[in-house]
Each structure stands twice: as C-alpha cells, then as structure tokens.
Amino acid sequence: MAEAFQRSDIDSSAGACEREWTRVLHHLKGEVGEAIFRSWLGPMSAERIDDSQTIVVAPTRFLRDWVETHYGDRIRALWRAENRQVTRVSIVVAAVNGQNGAHHSAGVESEGAHLHQQVPSHTESTVSLENAEDRTQPSTLDQRLLFENFVVGKPNEFAHAAARHVAEACANPVQTVPFNPLYLYGGVGLGKTHLMHAVAWHVRQHACDRKVIYLTAEKFMYQFIRALRFKSTMDFKEQFRSVDLLMIDDVQFISGKDSTQEEFFHTFNTLVDQNRQIVISADKSPSDLEGLQERMRSRLGWGLVADLHPTTYELRLGILHSKAEQGGHHIPQKVMEFLAHRITSNVRELEGALNRITAHMQFVGRDITLESVQALLHDLLRSCERRVTIDEIQKRVAEHFNIRLSEMTSERRARAVARPRQVAMYLSKQLTTRSLPQIGQKFGNRDHTTVMHAVRKIEELMLIDPSLAEDVELLRRMLQS
Ligand code: ADP
Ligand code: MG
C-alpha cells in the first residue's frame, strides 16, 4: 500500500516536470522559430531532482554548451514562470553517449594490435579527396568550398557550427573528438559536401600532419570490392583505420550492400575506439536511412546529428551576393532578388542560374536586366514554379508571428492571434486559387464572410500600418519563393 502510494507520487512528479518542460519548450519554440528549435532544443530532455531542482539533459557536450550560452537564462526564467518552486535548473550532458567509452564492450571487432598502432605521421598534406587510393596526387579539394565561402543562415546554422567545431577540434594540437560521428544530413544541394570540404581544408591549413580522408560512400564501396578482388583487404583496412579524420559523403549509397556495410561498420568502430573523428553525410536522418543494419543505424546516430534545412529567401539572397562578389560580377540587386525568389529548390540550381547569367554577360557583353534574365532562365524558372498551399501559409504566418499553428483554427479572438490569422486568410486568398468558403473551412470551419472580412481588414490596415504591410510583403515573398 505504502509502496503504491510512493510510486504514484514519483510518477506524478515526473509527469509535472515533463509538463512544465513541455511548456517551457513551447515558449522557446515561439521565440526562436521552428528550425532553431528543432536543431538545438528538440534533443533536450528534463528531469526533476527534487522540488526545487531540475536538470535539462543534453545528448552531447557541444549541445549543452550552446544551449547554456544561448538559451540558459531564458530556460531558467521560463521555468520559474511555470513553477516558482524551481529555483535551480542545471543544463547537463547525458551520462552515456558516444564518447565516454561506454560502447567499448559492444560489438567491437578485435583484430590484434596492429590496428592500434600509430601510423608514421605524414609531413606532406595527406588530404585525399575522392581518391583515397592515390595519395601521391596533389589534393583535389575544391578550392571554393571553404568555411569562408559558406554563407550561414538559419537553415544551416546548426550544421555549420557543428562542422566548424569538429574542424577546430581536429586541428587542435591536442586533438579532441567533440562528438562521434558528426552526422550531417539534408536534401540535395544544401551544402553537405561544402561543409565536409571546408572541414578538410581547415584541418589541412591548421594541422597539416593530420591524416584526413574524404570520400564518397560509393567510392568506399568500390575500393572495398576491388580490394576483395585483389586480395588486398589488409591494405584497404590499414588505410582507413589509420586516419585522424574520416569523412564519408552520401552514406545513403552504402545501404543495402551487406559486406560493405560490415566493413564500414568495423572501420567505424575501430576509429571511434581510437578516438578518431568521423564525419558522415547522407540525404536522410539515421532513422530514415533505408536498407541499413539496425546496429549501424543506431551507431550513426550516436554522436551529433545535424540537419541542413531547405533554404530561406534571405539565405538564398546572401548566397547570391557572396557568389557574385567572389566572381567579381556586378549583378543588379533586382535580378538577385528575383533569382532568390524564384529558384528555391537548392543552392546548386541557384549557382547554375548565376553561372548562366555571368557567362551571358561575358559573351554578350551586355548588362543583365530583369527581362533578359527571364528569357535566359526560361526553362529553369518554369521548373521552379510551384503552388502554395493554405497549410504552408498558416505555418509560415504562425512562425512569423510566433504563435502556435493551432491558433490558425482556434476560436480565440485576442488580437495577438486574430491578426495573424487574418493575415493568413488574406494570403490564402491572394496566393491560392481556393474559394472563400474553402479558405474558411481550413481556418477552423469559419464562414466565408469571416474570410472576406479578414481580407478587407488586412487590405485596409496595410494602407495605414507600414509595419504590417512589410510583414505581409515579407511573408508573400517567402511563400512565393
Ligand atoms: P550537397 O552535398 O548537400 O548536395 P553541396 O555541398 O554540393 O550540396 O552544395 C551545392 C552547391 O551549393 C555547392 O557549390 C556549394 O558550394 C553551394 N552551397 C550550398 N550551401 C551553401 C552556402 N550556405 N553558402 C555558399 N554556398 C553554398
Ligand atoms: Mg554532396
């Protein structure tokens, strides 16, 4: 009886802690936006120590440090607002993660002492790119893919910070391994390869004795299969197992091939055990990678998983400016804005458009105008056209005004939520082909007259309230891009 009582007591306290934490997170999400929230705050959890103390648990030290510096005070303030009894909130690193040696016993191949030997340190640069078997060739790292040339914006801020952190740690005379592996993922052309090259460059410039290997997963497979054929698997193993930093790009291509996975898994384990840094990229998160053995999947997620989100208009414009400047081209602002609006799929396409424009300027010798761009990029632009949905509008608008998405359909009439809702209705009318009743239905089954009223109201307000007009314009641009 007494035990049962105690038990439920503990449960309810844990439940209360969780509820408070959920509300703190909810506030933070409103304040920092979805992307940052997901990257930085989403992976945290909270536990109650006693009535006055809670801990917020971060999966890695890196995350802990970042959250502490950027959001520590805010978290404490918000928590106190939820529960005044809580006087102390500590942000701590989870006790068990990929770096504390807890994994040493699990599934690790032991192949004898040779694997643990230190390789002679190389004096020449040992960065190999796409060509790990031929280290006599000068490195073919792409000159342009430096941190300096990587434009940082909200969508890639986290991945960028993580990559920098790895690069700096690896270049440090006393090499440390902040998180292993660093797993970068995101859609095509969002900068994964760029970041990996940038890490390699950084290490090469600051610590040329480090052995760095960068290669695609396909290349890894190819070399492995070749080594099998020529019975030179020992060399193959040695080569990878003696690196300080191993970077494997596009790991999604390794899935499915059992023997290669096996080898990759062993290589991976050995390097992790020797405290060597591994950086992996893929187009999906570890849990979404298909055809991967379960143990491999879980291992990939051990370190820090950082995703690159789709670009925003601001980031695209920033990238265009940076690229045009690098190339020494003068491209009118209007043209840049136009491109940033219209070419939204990925950065590679944006670069392609810019290259076409600059080539055109050189060959034709004429300045570029908005009209000539449209003609020049006719095909590209057409493939980028897309329809905006009401769901998207609601999401963007809610994010922009820091309100919950559910307020779009809620009954609440407080101005703080009603106004954004009206903006969303207005934009739905403007940007979609939906009828007023259809729009009303998407906004919590409201009447079409409510939508009509909202549209008029926003039109009126935009005339007299420049800051609202600016908000709406910004949102329109974002949505249309
Ligand atoms: P991924 O490997 O994710 O498919 P890449 O790294 O190859 O993408 O990027 C595609 C192109 O876009 C590269 O030329 C890269 O330099 C450029 N790029 C991507 N993101 C950025 C960025 N944030 N700043 C500057 N260039 C970028
Ligand atoms: Mg790539």
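This is a predicted model: local features need pLDDT of at least 70, side-chain atom pairs count only at pLDDT 80 or more; totals for chains, interfaces and linings use all residues.
## Basis

Local features need pLDDT of at least 70 and side-chain atom pairs pLDDT 80 or more, while totals for chains, interfaces and linings use all residues. Residues are numbered from 1 along each chain as written, chains are lettered from A and ligands numbered from 1 in written order, and side-chain values use heavy atoms, without hydrogens and water.

## Nonpolar cores

A nonpolar core joins buried Ala, Val, Leu, Ile, Met, Phe, Trp, Tyr and Cys residues through side-chain atoms within 4.5 Å. Buried means under 20% relative accessible area (1.4 Å probe, protein chains only). The largest core holds 56 residues. Trp 40, Leu 41, Ile 75 and Leu 182 touch the most other members. A second, separate core has 29 residues, including Val 388 and Met 462.

Beyond neighbours within four places in sequence, Trp 40 is in contact (heavy atoms within 4.5 Å) with residues including Phe 62, Trp 66, Glu 157 and Phe 158.

## Ligand 1

There are 18 residues around ligand 1, each with a heavy atom within 4 Å. Val 151, Gly 189, Thr 193, His 194 and Glu 351 come nearest.

Some N or O pairs lie within 3.5 Å, the polar contact limit. A side-chain N or O atom of His 194 is 2.7 Å from a ligand 1 oxygen. For Lys 323, a polar side-chain atom lies 3.0 Å from a ligand 1 nitrogen.

Note on methods. Buried means under 20% relative accessible area, exposed over 50%, partly exposed in between (1.4 Å probe, protein chains only). A polar contact is a pair of N or O atoms within 3.5 Å; within protein, one must be able to donate a hydrogen and the other to accept it, and residues adjacent in sequence count only if both atoms are side-chain atoms.
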